[in-house]
Amino acid sequence: MVGRVHRLEIPTPFPVGPVNLYLIEGRELTLIDTGPNTPEALDGLSQGLRGLGATVDQIRHIIITHGHADHYGLAGRIAAESGALVWVHQGDRDMIQDYPLALHAWLDFLRSFLPETGLEQSWIERFCRSIEKREGCATPVPAARLLHDGQRLELNGTVLTVIHTPGHSPGSICLYSGAEQLLFAGDHLLKTITPNPILQAFPDFFGIRFQGLVHYFDSLKKLEPFPIARILPGHGEEITDRDTRLREIREHSEKRKARLLDLLKQRELTIMQAKEGLFPNLPDGQTLLALFDVIGHLDLLQREGAIRIERRGGLLFAKAT
Ligand SMILES: [Zn+2]
Ligand SMILES: [Zn+2]
């Protein structure tokens, strides 16, 4: 059971555009996601709350759908002002605990890993410098309460079930209300964009690592048993036909996998060459997300035994088996 839900659309400096926050009325206020730590987002939040006759200091609970700065950047600040408790899945706790540290660890990883994809060194450096500028987009949240799969959250009359849906991030969650058949989906399900399997820092391509897209499709399956009438996503419009959207996402990925496999049947490719084959002439700003997508689909193909990946001379090569 949830109280009245209001969507607040807040600007972000990221290519994805504005982010959706959801304010749930109850005896006290609960906020799902916060927007990034920018003056524009804080303004947007304050104005949105004012329009509903509410203020930041009335927020008692902040639930974070996943640890990306556009979703939790203001959490530390709101919590400091209102005393609100912040809730996050344990899988994303490290990401939000100390944002600048987590960001720099991720950049170190990108600097060491990306050359293996065949991406030019000068591009990598330029890109990493531009990401460093995002350092202020989130304030750290040192003491968040941890959520786990299946947990029933009862917050001042609002009852939500936590569904752990790893994929877009390791600790990505959806929040479900059975009484309303309502799902808060974060970035797990969006109406027009397929969520990107953002690459997490890992020491070695072949070592133990979080394979975002492999987890993502397992997480999609996990939602099937739940009756869902409305999906409230982290970006864009509400989704009312869950089954159609799930089918579209699966078909989209199957097509991409088939095209990738076709390319790899013709010849062995570096990850960058596979990216060029799949997404030719992409604007510079989308290169990294496209690479992550290719790696995600390579992971799926590798799991099916359709391809193998080898490291030679500091480069990763993919080839059909
Ligand atoms: Zn995200
Ligand atoms: Zn997002």
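In this predicted model, strand β10 (residues 182–186) runs parallel to β11, and four bridges join the two strands. Within this pair, Phe-184 stands opposite Leu-232 of β11. Both strands belong to an open sheet of five strands, arranged in the order β7-β8-β9-β10-β11 with mixed pairing. The edges of the sheet are formed by β7 (152–155) and β11 (230–233); each has a single partner strand, so one side of each is left without a neighbour in the sheet. With direction ignored, neighbouring strands are turned by 25° against each other on average. Strands of a sheet pair through backbone hydrogen bonds, and they do so either parallel or antiparallel.

Gln-181 lies in the loop between β9 (173–177) and β10, and its phi is positive, about 50°, although Gln-181 is not a glycine. Most residues other than glycine have a negative phi. Gln-181 has 14 other C-beta atoms within 10 Å and is partly exposed. A positive phi, of about 70°, is also found at Asp-33, again not a glycine. Asp-33 is placed in the loop between β3 (29–32) and α1 (39–51). This residue is buried, because 26 other C-beta atoms lie within 10 Å and the cut-off for burial is 20 or more.

A second open sheet has three strands in the order β12-β14-β13, with antiparallel pairing. Its edge strands, β12 (269–270) and β13 (307–312), each pair on one side only. Two bridges connect β12 with strand β14 (residues 315–320) in the antiparallel sense. Leu-269 has Ala-318 of β14 as its bridge partner. Helix α10 lies across β13 and β14 and runs at about 115° to β13.

Helix α10 (residues 287–303) also packs against other helices. Two packed helices are described by the angle between their axes and the distance between the axes. For helix α7 (residues 212–223) and α10, the axes come within 7 Å and cross at roughly 75°; α7 and α10 are therefore roughly perpendicular to each other. On the α7 side the contact involves Gly-212, Leu-213 and Val-214, which meet Gly-296, His-297, Asp-299, Leu-300 and Arg-303 of α10. The residues of this contact divide into three nonpolar, three polar and two charged.

Helix α9 (residues 271–278) packs against α10 at an angle of about 105°, and the axes are 9 Å apart. This pair, α9 and α10, is therefore also roughly perpendicular. Ile-271, Ala-274, Lys-275 and Leu-278 of α9 make the contact with Ala-290, Leu-291, Val-294 and Ile-295 of α10. By class, the contact of α9 with α10 has seven nonpolar residues, one charged residue and no polar residues.

In soluble globular proteins, nonpolar side chains tend to be buried together. The largest nonpolar core of the model has 52 residues, of which Leu-21, Ile-62, Ile-64, Ala-75, Val-86 and Leu-183 touch the most other members. Strand β2 (residues 19–24) gives the most to this core, with five residues. Ala-75 is in contact with Thr-34, Ile-62, Ile-64, Val-86 and Val-141, leaving aside neighbours within four places in sequence. Another core, of 24 residues, lies apart from the largest one; its members include Tyr-216, Ala-274, Val-294 and Leu-316. Of these, Ala-274 and Val-294 also take part in the contact between α9 and α10.

Terms used: Residues numbered from 1 in each chain as written. Chains lettered and ligands numbered in written order. Predicted model: local features only at pLDDT ≥ 70, side-chain atom pairs only at ≥ 80, totals over all residues. Core = buried A, V, L, I, M, F, W, Y, C linked by C-beta atoms within 7 Å. Buried ≥ 20, exposed ≤ 12 C-beta atoms within 10 Å, placed from the backbone. Contact = placed C-beta atoms within 7 Å. Axes fitted to C-alpha atoms, helices over the stretch in contact; angles between N-to-C directions. Parallel < 35°, antiparallel > 145°, perpendicular 65-115°, else oblique. Nonpolar A, V, L, I, M, F, W, Y, C, P; charged D, E, K, R; others polar. Pairing = 2+ DSSP bridges.
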